Amino acid sequence: EDMKPALKKRHVVCCHSTVSVDAVKKAAALAAEMGAGFLDAPFTGSKLAAEKGDLVYYIGGPERELDKVTPVLEASSKKILPFGPNVGDATVLKIATNLVSGAIVGALAEALAITKEHEVEPARLLEAFEGNANCSPLVTMKLPAMMASSYEPHFSLKNMLKDARYAQELARAKNLETPVLDASTNAMEKSAVMGNGDR
């Protein structure tokens with residue numbers, strides 16, 4: 001709404017925030033009222049990835065609008081993934097990937113706690129993951145930080161909780177049961193109530 005007076009046909013609004021699908025579609029409609037282009041353009045990657053130009057953009061919207069902004073997106077990304085013309089599809093995919101990240105980080109913290117409590121050297125857990133099919137860049141990034149008790153936020157709990165709630169909304173809209181998502185959301189809610197939202 002605030003941008004509407006300045007929007008012209010030559011502009012393309014790129015929505016990089018992870019917000020609800022309804023909000024993205026409403027923003028696209030506002031841009032269209034002014035004749036401006038719009039892209040649903042959430043990205044994956046932390047602030048460190050942004051600094052290194054390693055973001056991955058998920059794009060929903062017309063190809064002609066993507067062509068206009070590709071040079072700008074390339075400045076901070078290693079990959080741009082177009083997911084077709086429908087605004088909202090990229091946001092669905094971003095929310096879906098975030099729900100997996102939230103569940104994995106929670107499970108990783110529990111795995112580390114079990115390892116420590118059974119007096120197994122935490123470095124052995126990392127070593128075990130490295131040869132395991134479920135190892136991922138997320139595991140190899142987060143587990144060493146957890147082992148060092150380093151919790152500098154690259155993505156805050158409150159933001160992951162927000163995205164988990166969006167995922168629950170998407171699931172409920174299609175009558176899907178999501179016990180893993182619900183359990184991880186519940187755990188995040190408890191931690192947020194304890195004052196850890198910005199951590």
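This is a predicted model: local features need pLDDT of at least 70, side-chain atom pairs count only at pLDDT 80 or more; totals for chains, interfaces and linings use all residues.

**Entry 1: the end of the chain**

I started with Asp198, which sits in the segment after α8; helices here are DSSP runs (H or I, at least four residues) and strands likewise (E, at least two), numbered from the N terminus. Residues are numbered from 1 along each chain as its sequence is written, and side-chain values use heavy atoms, with hydrogens and water left out.

Asp198 is exposed at 53% relative accessible area (exposed is over 50%, buried under 20%, partly exposed in between; 1.4 Å probe, protein chains only). I found that Asp198 touches Pro153, Ser156 and Lys158, leaving aside residues up to four places away in sequence (contact: heavy atoms within 4.5 Å). With Lys158 there is a side-chain to side-chain polar contact at 2.7 Å (a pair of N or O atoms within 3.5 Å, one able to donate a hydrogen and the other to accept it; residues adjacent in sequence count only if both atoms are side-chain atoms).

**Entry 2: positive phi**

Most residues other than glycine have a negative phi. I noted Glu119, not a glycine, with a positive phi of about 55°, in the loop between α4 (89-117) and α5 (122-130). Asn175 also has a positive phi of about 55°, and I found Asn175 in the loop between α7 (157-173) and α8 (179-196). Glu119 is exposed at 75%, and Asn175 is exposed at 70%.
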